[in-house]
Amino acid sequence: MKKYILDLIVRSVEQLSPKHVLLHLTHEQTLPPMQPGQFVEVRVDGSPTTFLRRPISINYVDTQHNELWLMVAMIGDGTRQLGRLRVGDTLNCVLPLGNTFTMPENREEKVLLVGGGVGMAPMLYLGSALHAQGIQPTFLLGGRTAQDILELEIFNRYGRVCVTTEDGSLGEQGFVTNHSVLNEHFDRICTCGPKPMMKAVAHFAQEHNITCEVSLENMMACGLGACLCCVEKVKAENQDVLESNHSSLSTNVCVCKEGPIFNVKRLLWQI
């Protein structure tokens with residue numbers, strides 16, 4: 001897929017929570033096609049401590065209004081600078097990058113989309129794509145408190161929404177893997193969020209023989225497989241099952257180029 005370097009214009013900035021903003025970006029020309037699971041690399045201007053681009057998941061693409069939505073968690077100097085952008089500012093982006101989630105061929109598949117923290121962001125675009133194909137996904141969103149559950153109204157447009165919070169302030173109390181919706185049958189799970197959460201979801205999927213894809217969030221500076229800072233060790237291509245008695249054949253891949261979406265069977269997670 002062709003990649004572009006574009007100066008996108010900030011059309012609006014929405015404060016989702018004290019630490020999250022939603023950037024609505026547009027361009028004078030039609031935005032290039034983008035798929036669920038892909039990401040963009042943004043250049044952070046005005047931050048003396050930020051030298052590398054920052055990878056941000058595609059939250060949503062509004063083709064009707066020619067907008068790209070990026071959810072930014074303001075946790076460091078670079079992302080705090082992005083949170084200071086105002087209407088009319090420009091944001092230099094390389095896009096679209098990475099691979100995509102696998103779309104089900106069978107409309108009858110029961111699909112569960114699990115998002116934790118800012119990992120909720122790519123689940124929205126994926127859910128909207130599934131909805132457009134006639135599949136009604138179930139979203140399972142988790143956070144520490146109710147403030148961490150973002151874009152709830154928009155998620156509800158595309159499927160059933162289940163929520164967990166650690167303090168019980170919204171939805172069921174606990175982690176996503178504690179939610180009662182997991183007692184239901186699902187054919188496919190897609191997830192993004194903190195690595196311990198994704199490992200727990202992958203473990204659940206493995207125990208119940210459910211196809212599972214995860215979106216890895218390794219540090220990605222270039223997004224093109226050149227800088228090698230996002231390398232992940234995975235099973236070699238024809239290595240489907242880890243052998244318990246000896247080390248398996250493995251290989252290093254760049255998450256930005258061969259990912260960020262991986263079937264969990266290919267990962268070397270100790271789950």
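Predicted model: local features only at pLDDT ≥ 70, side-chain atom pairs only at ≥ 80, totals over all residues.
Residues are numbered from 1 along each chain as its sequence is written, and side-chain values use heavy atoms, leaving out hydrogens and water.

As for the overall fold, five helices and 16 strands make up the secondary structure (DSSP runs, H or I of at least four residues for helices and E of at least two for strands, numbered from the N terminus). The C-alpha trace spans about 55 × 40 × 35 Å along its principal axes.

Now for the inside. The largest nonpolar core has 50 residues, and Leu68 and Leu91 touch the most other members; such a core is a set of buried Ala, Val, Leu, Ile, Met, Phe, Trp, Tyr and Cys residues joined through side-chain atoms within 4.5 Å. Helix α2 (residues 121-132) gives the most to this core, six residues in total. Apart from it lies another core, of 33 residues, with Leu112 and Cys254 among them.

Then there is Thr79, which sits in helix α1 (residues 77-82). Thr79 counts as buried because its relative accessibility is 15%. A polar atom of the Thr79 side chain lies 2.9 Å from the backbone nitrogen of Ile75. Leaving aside neighbours within four places in sequence, Thr79 is in contact with Val72, Ala73 and Met74 (contact means heavy atoms within 4.5 Å).

Note on methods:
Buried < 20%, exposed > 50% of the residue type's maximum accessible area, 1.4 Å probe, protein only. Polar contact = N/O pair within 3.5 Å; in protein donor to acceptor, adjacent residues only side chain to side chain.
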